[in-house]
Amino acid sequence: MHPKLHNFQIFLQSPDLQIPTQTITLAPTQTPTLRHLKLSIFSHTLPSLYFTLNGKPLNDSTPLLDSQITPLSTLVLRIRACGGGGDGGATGAESRDCYLKMYAEKKPDKVDPNEQRLSKWLNCSLSNEPLKEPCVVDFLGNVFNKEALVEALLGKKVPKAFGHIKGLKDMITVHFSPIPGTESNRRSSAAGPLFQCPISGVEFNGKCKFLALKTCGHVLSAKALKEVKSSTCLVCHVGFSEADKIVINGNEEEVAVLRDRMEAEKAKVRVKKMKKTKNGDAAPNGEEGVGFEASRLSGTKHGIDVKAVEKASANLEVHGKVVNGGDNVKGVSNGVAKRFKAVDIAPPNATKEVYASIFTSSRKSEFKETYSCRSLPLGRN
C-alpha cells in the first residue's frame, strides 16, 4: 500500500473531451476511489467515461491510495466506445456465413423465361438474328433465316445440333404473314413479334402452337386448324395430310415424334434407291434391263440410253459379219451385254496381248511394294 498522505497532486488530461492537462490536489479521505474523483469533476456519474494509467484502463472502484497511482501520476480520462452491450453493435457471436457469402462465387443471373421464349420464336435458330424473309424450317420444327443456313452449309459450319440438315432437300421454305404496321421494326426483335396467323390473327410469339405445312409452306396456328377443319390449306387451298404438319419450336415429345417421322422417311428413300440399283431400270416392253454394268452407267448423268445399248448389242460385227438378234455375238449371253474389251474385236492374225496393250497397259508389273520402299521402279516414274 502507498504510505498515507493527506494531500497529493496528480495530472489529469482528456484528449477525447478536449480537456487540457490539469493539476488536481487530492485528499484520499474525501475521494477514496476513482468514482469519487469522477463525481468531483462532473455533477453525475457517466458510465461511458473511464480512467487509464500508462495506457491501462482502471476500474471506478480503484482506490487512490493504490500503489499504481503515485503522486504526480498522469490519469487520462477517455470515452468508452459503444457496442457489444446489446445496443446494436457487434457482439462477436454472428455466424461466419455472412462473410463467406460475400466472397463466394456469384451465381449467374436467372434468365427470364419469357425473354428466352421470345428469343426462340423471333430469332433465327442458327445465327440468333431477327427472322426475315426468306425463312425456312427443318423437319424438326426449327426456324432459320435461309441466307444464314445456306452460308453455314457452304462453309461446312453447321453445328452438331443441326447435323441432320445436309442440303436444300432437308429444309422447307415457309411463308409468314407479317403483322400490319411492323414492317419498319423488322431489324430488331425487341419491338415484339412481327408475324401472325393469317386466319386467327394470333401472334407468332410462342404462346400458341404454330404448324408449318410441307405442301405449300404456309404457317398457321393450331387454333385456326382446329376451328376450321379442312384437308386443304386455309390460305392457298393446297391439300395436305396429317404427316405434312410440322410443329414449330415444339416440346421434347413433339420433337421426338418429328424425329421418328424424319428417320422413317429417310429409311424409305434409302430402300427405294437400293431396289433401283439392284434391279436396274425396266424396259418399256416389260423386259429386263441390260444388266448391272449398263444400269450402273445408264441415265442422263452419263448420257447413255438403255435402248441404244440394247440395239447396239444386237448388231455387233464379228470378223466382218453382222449378226442380228445377238444370239451368236461374242460377249452377249441371254440378252445381257457384257463389258466391252478390245481383245474381242482383235484382227485374226494379231496377238491378243499385243493388241490390248495399244489401248491399255495389260501386262502386270512384277514389282511389289514393301514397307520400307513404296516408290515405283525405274522406268515407271
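Student: Which residue of β2 stands opposite S14?

Tutor: In this predicted model, strand β1 covers residues 8-14, and β1 pairs with β2 in the antiparallel sense over six bridges. Strand β2 itself covers residues 19-26, and the residue in β2 that stands opposite S14 is I19.

Student: In what order do the strands of the open sheet lie, and which are its edge strands?

Tutor: The open sheet has five strands with mixed pairing, and their order is β2-β1-β5-β3-β4. An edge strand pairs on one side only, and that describes β2 (19-26) and β4 (56-58). Neighbouring strands of this sheet are turned against each other by 35° on average, direction ignored. The edge strands, then, are β2 and β4.

Student: At about what angle to β3 does helix α1 run?

Tutor: Helix α1, made of residues 34-41, lies across β1, β2, β3, β4 and β5. Strand β3 covers residues 49-53, and relative to β3 the helix α1 runs at about 120°.

Student: Why are the buried residues of α4 on the same side of the helix, and which residues are they?

Tutor: Helix α4 spans residues 146-154, and its buried residues are A148, L149 and A152. They cover an arc of only 95° around the axis, and therefore they sit on the same side of α4. On the other side of α4, the exposed residues are E147, E151 and L154. What covers the buried residues includes β6, β7 and β8, and the buried residues asked for are A148, L149 and A152.

Student: Which residue with a positive phi follows α4?

Tutor: Helix α4 covers residues 146-154. After α4 comes a residue whose phi is positive, near 55°, and that residue is K156.

Terms used. Residues numbered from 1 in each chain as written. Predicted model: local features only at pLDDT ≥ 70, side-chain atom pairs only at ≥ 80, totals over all residues. Heavy atoms only, no water. Buried < 20%, exposed > 50% of the residue type's maximum accessible area, 1.4 Å probe, protein only. Helix = DSSP H or I, 4+ residues; strand = E, 2+ residues; numbered from the N terminus. Arc of directions from axis to C-beta. Contact = heavy atoms within 4.5 Å. Pairing = 2+ DSSP bridges. Axes fitted to C-alpha atoms, helices over the stretch in contact; angles between N-to-C directions.
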